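Hi there,

Here is the structure I promised to pass on.

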Amino acid sequence: MSKASREASKQLERIIALGYPDVADMSEDSFRALAQPLIKALEQSDLDERILLVPTRELVTPESLIARTSINRMAGFTTMPPRDIASFLPQDGFEPPEGPFYLVIEPHTGTCYVNREPDVARKLIDADNRIPLTLEEGLAIATQHPEWLLEKNGFNLLGSRSADGRVPSIWMSQSVPRLGSVWPNSKHTWLGNAFCVARRGVSLFK
């Protein structure tokens, strides 16, 4: 196995252990099988461990996932209702690749864009040839790498936005991950603006 396929397999097993198959209303084996084409494609890639395995919204809804994040065995939370969370949709150009799973390449919490208004940070991210993360991708970071919230910073997810202009955010609150939102003209000293360098679905490896 390649470094990337080993890492993707490890991340897959983590979300299975956290109950993602139950959220998707399928067995663990069926859930695991959905990711195998992507993991198999990774065996021939030159990617390393700096990847993030992301299930699409069609497989698991984002409103069901924040409670499956944890730090020191304490579950993450949100005060937003499920309908509100579901309203944060990927913006034009940031739609996920086809398939039940895809990869984010070199995800980062956006430390270099801390304390920037989302609209300002978006322009900076574009200028740096980077791609802002979506809500689903931010939840994947909080699930696979919750320690980043402690070691680095919370983050806005500028690839998603609600109809009223808000963007979703994840940060530490009460010692655990919290999912919330901010307005596009607000800035916070503890929030970066998360980004990656690419997204890859299984079809993009062929």
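Let's start with Phe-101, which is buried at a relative accessible area of 3% (buried means under 20% relative accessible area, exposed over 50%, and partly exposed in between, using a 1.4 Å probe and protein chains only). Before going on, a word on where this comes from: it is a predicted model, so local features need pLDDT of at least 70 and side-chain atom pairs count only at pLDDT 80 or more, while totals for chains, interfaces and linings use all residues. Residues are numbered from 1 along each chain as its sequence is written, and side-chain values use heavy atoms, with hydrogens and water left out.

**Aromatic pairs**

How many aromatic pairs does the structure hold? There are 2. Rings of Phe, Tyr and Trp (its six-membered ring) pair if their centres lie within 6.5 Å; planes under 30 degrees apart count as stacked, over 60 as edge-to-face and the rest as tilted.

Phe-101 belongs to a pair with Phe-31: the ring centres are 5.4 Å apart and the planes sit at 85 degrees, so this pair is edge-to-face. Phe-31 lies in helix α3 (residues 28-42) and Phe-101 in strand β6 (residues 101-105), so the pair ties together parts 70 residues apart in sequence. Helices (H or I, at least four residues) and strands (E, at least two) are DSSP runs, numbered from the N terminus. Phe-31 is buried too, with a relative accessible area of 0%.

Tyr-113 and Phe-195 make up another edge-to-face pair, at 5.7 Å centre to centre and with 75 degrees between the planes. Tyr-113 is in the loop between β6 and α5, and Phe-195 is in strand β13 (residues 195-196), so this pair links parts 82 residues apart in sequence. Both Tyr-113 and Phe-195 are buried.

**The sheet and its helices**

Now find the open sheet of 5 strands, in the order β4-β11-β10-β8-β12, with mixed pairing. Two strands pair if DSSP finds at least two bridges between them. At the edges are β4 (77-78) and β12 (191-193), each pairing on one side only. Strands β8 (residues 154-156) and β10 (residues 167-173) run antiparallel and are joined by 2 bridges. Which residue of β10 is the bridge partner of Phe-155? That is Ile-170.

Helix α6 (residues 135-144) packs on the sheet and touches β8, β10 and β11, its direction making about 15 degrees with that of β10. Axes are lines fitted to C-alpha atoms, for helices over the stretch in contact, and angles run from 0 to 180 degrees between N-to-C directions. Contact means heavy atoms within 4.5 Å. Helix α5 (residues 118-127) lies across β8, β10, β11 (176-182) and β12, at about 40 degrees to β12.

Gly-192 lies in strand β12 and is buried, with a relative accessible area of 0%. Leaving aside neighbours within four places in sequence, Gly-192 has contacts that include Thr-109, Tyr-113 and Phe-155.

**Cysteines**

The structure holds 0 disulfides (a disulfide is a pair of cysteine sulfur atoms within 2.5 Å). Cys-112 is in none, and the nearest cysteine sulfur, that of Cys-196, is 13 Å away. Are these two cysteines buried or exposed? Cys-112 counts as partly exposed because its relative accessibility is 47%, whereas Cys-196 is buried at 0%.

Cheers!
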